[in-house]
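Me: I would like to go through this structure step by step. Could we begin with the helices?
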Amino acid sequence: MVLPLRVFLVLLFGILVLFETMSLPGQFAHMARESPDMAHLRWPATAVTVFWVVCVQAVIVCTWKLLGLVQNDRIFSDASLWWVDAIVWVIGAAWTVLLGVFFYVGFHADDPGLPLLLLLLLVGVAAVGLLMVVMRALLRQATALRTDMEAVI
């Protein structure tokens, strides 16, 4: 299953590159033309959304590296822990920026729809981050067990 997953990761990464270089800047430029009163948010919104796309790309790269370790039967090693730690840190950074956006939007919103959507995203990203922390702990335990088993054998 490693090969099909890698194909989809390459496809997703490529789509994200198009998204961050063409779609997002174009979308926010269009929004600035259509709503001149909100034009001052064009560049901050572009920067934040591109940051989030880069975070997803970083997780894809880490996942790619972990898949290589799976293929080489080295997933239960210290090398894998580094990549999982990187995923946790990236999710934490994305969540922190999302929290800032939530507060900014919450203080400036006239309608509760967008703050509620952002709250849903905050909870969802927090759940994914905490799940990764649990998975990291399980990987640490499995790595320790494998190391102990190899020492016995």
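Me: How many residues does helix 1 have, and how far does helix 1 reach from its first C-alpha to its last?
Reply: This is a predicted model. In it, helix 1 has 33 residues and reaches 45 Å between those two atoms. That is close to the 48 Å expected at 1.5 Å a residue.

Me: Where is the kink in helix 1 centred?
Reply: The kink is centred on Phe19 and amounts to about 45 degrees.

Me: And which residues of helix 1 are buried?
Reply: The buried residues are Val2, Arg6, Leu9, Leu16, Glu20, Leu24, Phe28, Ala29 and Ala32.

Me: Next, the pairing. At what angle do the axes of helix 1 and helix 2 cross?
Reply: The axes of helix 1 (residues 2–34) and helix 2 (residues 42–71) cross at roughly 175 degrees, and they come within 10 Å. An angle over 145 degrees counts as roughly antiparallel, so helix 1 and helix 2 are described in that way.

Me: What classes of residue make up that contact?
Reply: The contact of helix 1 with helix 2 has 24 nonpolar, 6 polar and 3 charged residues.

Me: Changing topic: how are helix 3 and helix 4 arranged, roughly parallel or roughly antiparallel?
Reply: The axes of helix 3 (residues 78–108) and helix 4 (residues 113–152) come within 9 Å and cross at roughly 165 degrees. These two helices are therefore roughly antiparallel.

Me: Is that crossing left-handed or right-handed?
Reply: Helix 3 passes helix 4 in a left-handed crossing. Their contact comprises 23 nonpolar, 4 polar and 4 charged residues.

Key: Residues numbered from 1 in each chain as written. Predicted model: local features only at pLDDT ≥ 70, side-chain atom pairs only at ≥ 80, totals over all residues. Heavy atoms only, no water. Axes fitted to C-alpha atoms, helices over the stretch in contact; angles between N-to-C directions. Helix = DSSP H or I, 4+ residues; strand = E, 2+ residues; numbered from the N terminus. Parallel < 35°, antiparallel > 145°, perpendicular 65-115°, else oblique. Nonpolar A, V, L, I, M, F, W, Y, C, P; charged D, E, K, R; others polar. Left-handed = near helix turned anticlockwise from the far one by under 90°. Expected span 1.5 Å × (residues − 1). Bend = angle between axes of the 7 residues up to and from the residue. Buried < 20%, exposed > 50% of the residue type's maximum accessible area, 1.4 Å probe, protein only.
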